[in-house]
Amino acid sequence: MKNKNLLILLTALSMGFLSCAGKKEAAERWTGYVNPNIGTVHSRWFFYTPAAVPFGMAKLGPSTNGSYGNANGWEAVGYEDGHRSIEGFACFHEFQIGGVMMMPVVGSLKTVPGTLEDPANGYRSPFKKENEHATAGYYSVLLDKYQTKVELTATDRVGYQRYTFPESEASYILFDIGNKLGESGAVADAYVKAVDETTIEGYVVTKPEYVKKYQPEATVNMYFYAKLSKPFKDVKTFVRGGSVGGSKEIKGVGACLAVQYQTSAEEQITVKVGQSYTSIENARLNYEREASGQHFDATREKASSRWNEMLGRIKVEGGREEDKIKFYTGLYHALLGRGLANDVNGAYPKNDGTVGHLEVDSDQEPTFNYYNTDAIWGGYWNLTQLWALAYPEYYSDWVQSQLLVYKETGWLGDGIANSKYVSGVGTNFTGLAIAAAYNCGIRDFDYQLGYEAALKNEVDGENRPAGAGKLDVSAFVKRGYCPYIPSDDYFITKQDEGSVFGASHTMEYSFSSYAVAQFAKSLNKEADYQRLSKMASNWENLFDTESELIRPRTLDGKFLQPFDPMAAWAGFQEGNAIQYTFYVPHEPEKLVARVGKDVFNGRLDSIFVESRKNTFGGGRTVDAFAGVHALYNHGNQPNLHVSWLFNFSGKPHLTQKWVRTICDEFYGVDGLHGYGYGQDEDQGQLGAWYVMAGMGLFDVKGLTQINPHFQIGSPLFDRIEVTLNKDYYTGDKFIIDVENNGPENMYIQAVSKNGKSQPSVSIPFADVVGGGVLKLQMGQKPNLDLQR
């Protein structure tokens with residue numbers, strides 16, 4: 001009897017334990033806080049791809065206006081929150097890359113998408129927002145015209161599309177292959193073929209606008225291999241807008257193919273699309289390795305698990321529910337961008353158009369992954385800090401991807417799409433990001449080659465290709481500043497003597513010179529260190545003591561006349577003199593000294609007081625450049641460190657105040673007010689800034705200095721736990737424990753690290769990744785004794 005009672009007790013305890021474990025598991029479904037529809041008013045092509053895994057190649061999502069094209073390569077196009085019809089579901093979404101759109105159709109097969117204003121004229125279908133659902137790794141919607149449900153999910157390189165059809169004699173799956181889509185630019189060639197009754201394959205060759213600017217003859221190629229879960233009964237081909245034929249293959253611009261089914265009510269047909277940037281054969285191999293035999297629901301669950309593991313590397317507790325939604329949605333965007341570009345066998349697209357092969361291990365797996373990437377402009381104030389802290393293995397792969405292009409071409413790319421140069425803003429901070437990785441302890445790459453590339457990026461302008469950016473770097477090295485040369489052409493390629501953005505380039509090159517100087521010192525290259533350190537102070541050559549602002553100089557060495565400090569674009573890339581005067585992240589103390597501490601603090605505080613009235617940037621104007629004329633513009637990269645500068649001017653409590661206020665008021669949780677109002681999120685940069693600010697950790701210097709430090713801000717949550725990668729760091733967990741936190745208690749009262757109190761709101765990066773506990777006590781009034 002006693003044994004029986006003991007068994008009952010143990011069973012009850014076991015059930016209780018499992019129940020608690022189940023509750024804990026449910027609480028750790030971090031995808032529940034992800035809302036991809038936040039900020040989808042005026043969103044970029046790569047922004048809305050719910051059906052993807054972190055950093056994946058297959059990024060699926062609905063297109064509402066992707067076929068409208070993208071005149072200059074950067075405008076918002078793809079999915080728009082206010083649109084109420086869908087033209088198809090695209091498989092490739094990346095910076096300057098878009099293609100392979102599919103669409104289920106029931107009834108009459110039309111050969112054009114139709115327009116937003118008149119969806120009945122084409123194959124696009126209206127939908128209702130209440131019938132749409134999106135989260136990390138999954139998307140679904142009901143198409144009203146066809147009464148067909150569409151569901152999307154993905155593996156790394158395989159996109160899944162599942163359609164639940166109504167009863168019909170004429171249900172189709174349309175492959176729209178040969179038409180411009182998103183940021184793809186014009187189509188140069190396309191091909192699609194029905195290989196057998198369950199297999200479709202093909203490719204599309206595009207010329208994106210940014211590739212045309214920097215490598216006019218280059219193309220971006222996308223290949224696919226699709227397997228259908230049910231044999232089709234007929235196949236039709238056509239060129240968009242043309243007549244329908246019965247061939248099983250079609251080649252050329254505008255190529256489309258549709259397969260026809262007879263479907264019963266609620267019949268499901270799944271299409272698995274293997275994707276590749278190198279060949280149809282490798283698209284097939286990617287499909288066979290990742291998706292053969294794996295059904296939609298299992299793939300969806302695996303995608304969700306992948307997201308929960310990656311999102312769960314940073315666990316937050318307490319705080320407001322709305323802040324958790326902002327936090328994890330921001331983290332989702334940071335983990336979504338800059339996606340995989342190599343196949344499972346290591347094949348990847350090279351800059352010259354041929355196919356390269358990554359080194360593979362004994363299991364024939366690539367030793368690292370190769371990634372496409374937009375420029376890192378401003379990414380050191382969000383993405384690279386986040387990567388270094390919680391995703392160092394990705395940061396390492398990113399560096400090695402950049403070095404592949406360097407080894408092939410002799411230059412670091414500013415941004416790369418299938419290894420093609422896509423220099424987004426004409427600068428190049430890739431060397432800075434490589435230096436920061438090394439100084440953070442991420443060193444499992446050829447860092448001697450990395451240093452060679454980074455140094456060349458700072459000092460060499462001879463025969464520099466336009467896609468490597470920094471075309472005026474010779475003037476910076478020779479003169480000590482880049483002269484401002486007025487021009488209406490922001491993409492002028494001849495810039496030996498200066499450029500239209502000479503002033504902002506001077507500030508930026510000074511910062512990157514500092515970063516590579518630290519890299520040089522770490523590697524005991526003293527002569528380079530001295531040279532680069534001197535260049536790092538070149539920003540002072542543009543400091544006007546009369547206005548106490550950064551002011552452009554012209555070719556004759558004189559300050560620009562007349563001078564309007566609020567004038568955007570007049571020597572400054574996407575900003576003005578007020579904004580760029582604070583662009584001295586590597587020598588903030590020197591900037592404060594030039595102005596005077598009281599004047600600096602008074603000016604900066606008043607800028608934030610005034611900027612709060614227009615939501616810290618562009619107000620409610622829906623435009624990526626709405627804030628370039630403002631005093632402060634949180635919606636754009638050059639400003640993202642400014643609220644943290646008070647840590648260097650003796651007023652850290654003002655950083656705590658303004659950073660939290662920006663988190664509360666610039667960021668929102670709806671389609672219009674997500675990342676400002678219609679601001680450019682740039683592959684997770686604004687989301688990553690929120691994540692770092694929400695944790696209360698940030699480095700103005702972008703982790704570029706030797707032995708980098710985080711500045712400590714005002715965390716939004718009661719507890720933050722970061723799981724550390726043991727392949728790179730000695731610690732298991734880093735925990736931030738926040739006592740007495742709340743909306744009114746934004747000011748740090750006391751700081752202790754591993755039980756030892758400190759008077760500083762600064763913590764070495766090495767201490768963070770070494771693991772331990774940072775304890776903060778919060779209150780309603782500043783503790784003025786705490787300093788950096």
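These notebook entries cover a domain record, a helix pair, a pocket and cavities in a predicted model.

I worked on a predicted model, where local features need pLDDT of at least 70, side-chain atom pairs count only at pLDDT 80 or more, and totals for chains, interfaces and linings use all residues. Residues are numbered from 1 along each chain as its sequence is written, and side-chain values use heavy atoms, with hydrogens and water left out.

I looked up the UniProt annotation. The unreviewed entry gives "domain: Glycosyl hydrolase family 92 N-terminal" for residues 33-276. Such annotations may be inferred rather than shown by experiment. I found 2% helix and 47% strand over residues 33-276. The end C-alpha atoms of this stretch are 31 Å apart. Helices (H or I, at least four residues) and strands (E, at least two) are DSSP runs, numbered from the N terminus.

**Helix pair.** I checked H7 (residues 392-409) against H9 (residues 447-459). Their axes come within 10 Å and cross at roughly 70 degrees. Axes are lines fitted to C-alpha atoms over the stretch in contact, with angles from 0 to 180 degrees between N-to-C directions. On H7, the contact (heavy atoms within 4.5 Å) uses Leu403, Tyr406 and Lys407. H9 brings Leu449, Gly450, Glu452, Ala453 and Lys456. I get four nonpolar, one polar and three charged residues in this contact. Ala, Val, Leu, Ile, Met, Phe, Trp, Tyr, Cys and Pro count as nonpolar, Asp, Glu, Lys and Arg as charged, and the others, Gly among them, as polar.

**Largest pocket.** I used a 1 Å grid over the protein atoms alone; a pocket is an open set of points with protein on both sides within 12 Å along at least five of seven lines, and lining residues have an atom within 4 Å of a point. The largest pocket holds about 620 Å³, counted as space filled by probe spheres set on the points. I count 38 lining residues, with Tyr210, Gly424, Val425, Gln573 and Glu574 nearest the centre. Helix H2 (residues 209-214) gives the largest share of the lining, three residues. By class, the lining has 17 nonpolar, 13 polar and eight charged residues.

**Cavities.** A cavity is a set of points where a 1.4 Å probe fits but cannot get out. I found three of 30 Å³ or more. The largest cavity has about 120 Å³ of space. Of its 20 lining residues, His42, Ser43, Gln679, Asp680 and Glu681 are closest to the centre. The second largest cavity has about 50 Å³. Among its lining residues are Phe46, Lys59, His333 and Glu681.
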